[in-house]
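Colleague: Could you walk me through how to read a model like this one? I would like the general idea each time, then the case at hand.

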Amino acid sequence: MEQSIHRDPALFYWILFPITVVMILTGVLRHYATVLLASTPKKQTLPALREQRSLLRGINLRTNAHAISPSSFATRKNYMISAYKEGTFLKDPESRGKAAANPMTDPAAMEGMMGMMKGNMAMMVPQTLIMSWINAFFAGFVIMKLPFPLTLRFKSMLQAGVMTRDLDVRWVSSLSWYFLNLFGLQSVFIFILGNENAASQTAQQMSQLSPGSSSSPASIFQPGQDPDKIFQSEAENLEVLEHEYILKGVEERVLSLFLGGGGLV
């Protein structure tokens with residue numbers, strides 16, 4: 001027998017709708033606050049850009065090695081490995097082999113840390129306030145029922161703040177609706193603000209966990225990292241890479257495709 005709960009229809013207008021609207025407006029405000037707090041990136045020197053782009057060149061060579069011929073790959077591989085091991089691309093070859101500088105004494109590193117701290121503050125402060133607001137006014141409410149069945153594994157995720165054992169797992173509490181909005185509004189923010197937005201908490205966390213994926217060249221080397229060790233590691237990755245050309249034997253494969261049936265059609 002399907003479980004039913006008599007709920008006040010006003011819950012939709014006074015709990016579900018306000019939480020959704022506040023989460024969307026908070027995301028938009030977070031985006032513009034992050035844009036205002038972001039500092040203007042400083043112009044990179046030519047040796048620094050060469051150092052960063054040279055590492056990207058090796059990574060791209062490993063990633064797209066299958067698209068070039070064996071001779072071209074061997075030429076590029078030998079050149080990159082030799083340059084990496086000799087420190088050709090280092091912006092400061094004289095510091096090779098020395099301990100990495102303290103990031104606390106590097107102005108560029110300090111600026112990057114301050115930028116990350118500003119982003120974390122813009123992300124944590126609004127969520128803390130919204131969480132307190134929901135716990136103070138909407139704790140314990142069951143506001144909606146999902147139209148599709150779910151397993152019991154989703155009960156703790158969908159019914160946070162509602163201490164019941166026999167309640168159907170499809171019922172959603174107000175606190176759980178907040179968490180669903182927190183991680184599920186990325187498509188809405190993309191529609192409103194575009195792909196390059198700072199409104200989504202999930203996107204900000206992913207960008208901080210994988211800073212090398214950023215389009216900024218300065219994000220390749222993090223504060224305290226030794227570029228020479230990174231180059232040596234990339235050289236080892238290139239040495240052990242087994243090259244397989246995607247167009248190897250393509251003539252035979254095409255002919256077998258068309259002549260496999262006994263002749264051309």
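Colleague: How many helices and strands does the protein chain have?

Modeller: Helices (H or I, at least four residues) and strands (E, at least two) are DSSP runs, numbered from the N terminus. Here there are 10 helices and 2 strands, in the order α-α-α-α-β-α-β-α-α-α-α-α. This is a predicted model, where local features need pLDDT of at least 70 and side-chain atom pairs count only at pLDDT 80 or more, while totals for chains, interfaces and linings use all residues. Residues are numbered from 1 along each chain as its sequence is written, and side-chain values use heavy atoms, leaving out hydrogens and water.

Colleague: How do I read an aromatic pair?

Modeller: A pair of aromatic rings is described by the distance of the centres and the angle of the planes. Rings of Phe, Tyr and Trp (its six-membered ring) pair if their centres lie within 6.5 Å; planes under 30 degrees apart count as stacked, over 60 as edge-to-face and the rest as tilted. The whole structure holds 8 aromatic pairs. One of them, Tyr84 with Phe231, is stacked, at 5.0 Å centre to centre and 15 degrees between the planes. This pair joins distant parts of the chain, with Tyr84 in helix 3 and Phe231 in helix 9 (residues 227–239), 147 residues apart.

Colleague: Is Tyr84 buried or exposed?

Modeller: Buried means under 20% relative accessible area, exposed over 50%, partly exposed in between (1.4 Å probe, protein chains only). Tyr84 is buried because its relative accessible area is 0%, and Phe231 counts as buried at 1%. Ring pairs also link Tyr79, Tyr84, Phe89 and Phe231 into a cluster.
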